Amino acid sequence: MNINVTMFAQAVVFAAFIWFTIRFIWPPLLAAIEARQKSIADGLAAADQGRQALEASTRQADVEMTHARERAAGLVTQAEQRMSQMIDEAKNAAREESNREKAAAKAEIEQEVLRAKEALREQVAALAIAGAEKILRREINAQAHADLLNQLKQELK
Amino acid sequence: MAAGTELTSTEYIAHHLAFFGKQVGDGGFWTLHLDSISVAVLLGVVGLGFLAWVASGATSGVPTRRQALVELLFDFVDNQTKGIFKHERHSVVAPTALTVFVLVLLMNAMDFLPVDLMALATHNISEHGFRIVPTSDVNTTFALAITVWVLMIFFSVKAKGFGGWTHELFCAPFGSHFLLWPANFLFNMIEYLSKPLSHSLRLFGNMYAGEIIFLLLWMWAANSSWTTDFYFGWIVSSLLALGWAIFHILIVALQAYVFMMLTIVYLAMAHEHH
């Protein structure tokens with residue numbers, strides 16, 4: 001155990017090594033570790049933020065879905081109402097149309113009947129006149145005329 | 001040792017405890033222990049060079065396994081420093097603690113290398129002894145302690161100002177009455193002396209004792225080589241040396257840890273106001 005100049009040489013060496021560590025080893029390691037810590041913290045914060053955003057948007061989506069469902073239900077009800085209304089309207093229109101057709105047909109039939117009656121009457125009259133002519137060509141027999149005319153009368157009724 | 005020449009126990013141990021010294025001036029003081037210095041420089045360059053290499057390629061993204069290992073060491077030192085030193089630690093104190101820990105650990109770890117094999121390997125460099133454990137040289141441990149001591153005084157003055165530091169030298173811990181000044185000054189001087197002494201001698205004592213025990217065990221093995229029942233000495237001393245080496249892993253790491261913690265504690269105390 002003898003102290004000598006080695007001690008001072010070693011002290012200079014150690015001082016140089018300490019300076020080396022202060023200058024070249026500690027700062028880059030510290031920077032790398034702190035940057036990583038920061039990025040991890042940022043990542044965790046971002047994840048938390050994302051989770052919150054997801055929750056908020058899920059809530060909003062639920063609200064939107066409820067609205068949409070309500071609106072759809074309203075639209076369906078409206079459509080159903082409109083449909084039954086349209087069916088009713090169509091029924092009514094059809095009924096009216098058929099009534100109108102029926103009335104027109106009846107009127108035509110009546111007219112036809114009247115016209116047929118008129119024609120018949122004219123023919124009967126012509127027949128009567130022809131009969132009368134025939135009778136007039138023969139001798140007039142009042143009795144016989146009267147019987148004939150009565151007979152005609154009966155026929156015309 | 002060489003070619004069947006038997007060494008006495010004293011010669012064997014003296015041989016292994018001889019430094020590779022070089023006279024750089026007149027007198028015993030002007031001797032440089034080239035072995036301690038060269039091993040310390042080599043280990044510092046290798047160890048700190050590795051750290052600097054990893055640090056220069058350090059990424060803040062996903063680290064490689066190599067970087068993770070270095071960061072483990074970094075975190076260990078940083079946490080120890082954070083626990084003791086409550087001021088700004090990243091500029092000087094924590095890097096100093098890292099340097100001290102790495103250097104002392106590596107220098108202590110040289111104790112694991114078998115002394116006789118290393119003597120054989122270094123025989124061409126120095127025929128009469130080459131100590132490969134720098135921390136079992138008291139000059140190395142004193143050098144470490146003095147470096148820390150200078151930093152301690154520097155921070156003490158920086159934290160309190162030169163006036164505050166001088167004031168504390170005379171007025172703490174007993175009080176500022178002028179009759180107490182000599183007692184305070186004496187007390188502080190003892191403290192300033194005892195800190196580097198206990199700091200360095202604790203490490204030196206542990207490593208030196210560890211080396212001596214290894215030497216005693218290997219001496220047993222060496223001396224039994226010239227007896228008829230030589231294998232008994234070989235086996236028993238080898239087993240004992242294995243046990244001591246395993247126990248020594250603890251000592252090596254523990255002493256490095258203790259040295260680092262004391263460094264932090266001293267530098268933290270330098271920042272405290274009384």
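Which pattern does chain B follow when read along the sequence? In this predicted model, chain B runs α-β-β-α-α-α-α-α-α-α, a total of eight helices and two strands. Chain A, by contrast, has two helices and zero strands.

Chain A can be taken first. Its C-alpha trace spans about 200 × 25 × 15 Å along the principal axes. Helix 1 of chain A has 132 residues, and the distance from its first C-alpha to its last is 187 Å, close to the 196 Å expected at 1.5 Å a residue. This helix bends by about 40° at Thr21(A). Glu101(A) is a residue of helix 1 of chain A. Glu101(A) counts as exposed because 10 other C-beta atoms lie within 10 Å, and the cut-off for exposed is 12 or fewer.

Chain B fills a box of roughly 75 × 60 × 35 Å, taken over C-alpha atoms along the principal axes. Buried residues make up 32% of its 274 residues. Of the contacts in chain B between residues at least 6 apart in sequence, 67% join residues at least 24 apart.

Helix 6 of chain B spans only 34 Å between its end C-alpha atoms, whereas a straight helix of 34 residues would span 50 Å at 1.5 Å a residue. A bend of about 110° occurs in helix 6 of chain B at Gly161(B). Helix 8 of chain B, with 41 residues, reaches 57 Å from first C-alpha to last, close to the expected 60 Å. Its kink is about 30° and is centred on Phe247(B).

The buried residues of helix 8 of chain B include His248(B), Val252(B), Gln255(B), Ala256(B), Phe259(B) and Met260(B). Their spacing can be read against a general point: an α-helix has 3.6 residues a turn, so residues three or four places apart point the same way. Helix 3, helix 4, helix 6 and helix 7 of chain B are among the elements that cover the buried residues of helix 8.

The largest nonpolar core has 61 residues, and Ala97(B), Phe101(B) and Val104(B) touch the most other members. Elements that each supply at least two residues of this core are helix 1 of chain A and, from chain B, helix 2, helix 3, helix 4, helix 6, helix 7 and helix 8. Helix 4 of chain B gives the most, with twelve residues. Leaving out residues up to four places away in sequence, Val104(B) touches Thr135(B), Leu203(B), Gln255(B), Ala256(B) and Phe259(B). Of these, Gln255(B), Ala256(B) and Phe259(B) are among the buried residues of helix 8 of chain B.

The contact between the chains takes 29 residues from chain A and 39 residues from chain B. On the side of chain B that touches chain A, strand 2, helix 2, helix 3, helix 4 and helix 6 of chain B each supply at least two residues. Helix 2 of chain B provides the largest share of that side, ten residues. By residue type, the side of chain B that touches chain A divides into 24 nonpolar, 14 polar and one charged.

Terms used: Residues numbered from 1 in each chain as written. Chains lettered and ligands numbered in written order. Predicted model: local features only at pLDDT ≥ 70, side-chain atom pairs only at ≥ 80, totals over all residues. Contact = placed C-beta atoms within 7 Å. Helix = DSSP H or I, 4+ residues; strand = E, 2+ residues; numbered from the N terminus. Nonpolar A, V, L, I, M, F, W, Y, C, P; charged D, E, K, R; others polar. Core = buried A, V, L, I, M, F, W, Y, C linked by C-beta atoms within 7 Å. Buried ≥ 20, exposed ≤ 12 C-beta atoms within 10 Å, placed from the backbone. Expected span 1.5 Å × (residues − 1). Bend = angle between axes of the 7 residues up to and from the residue.
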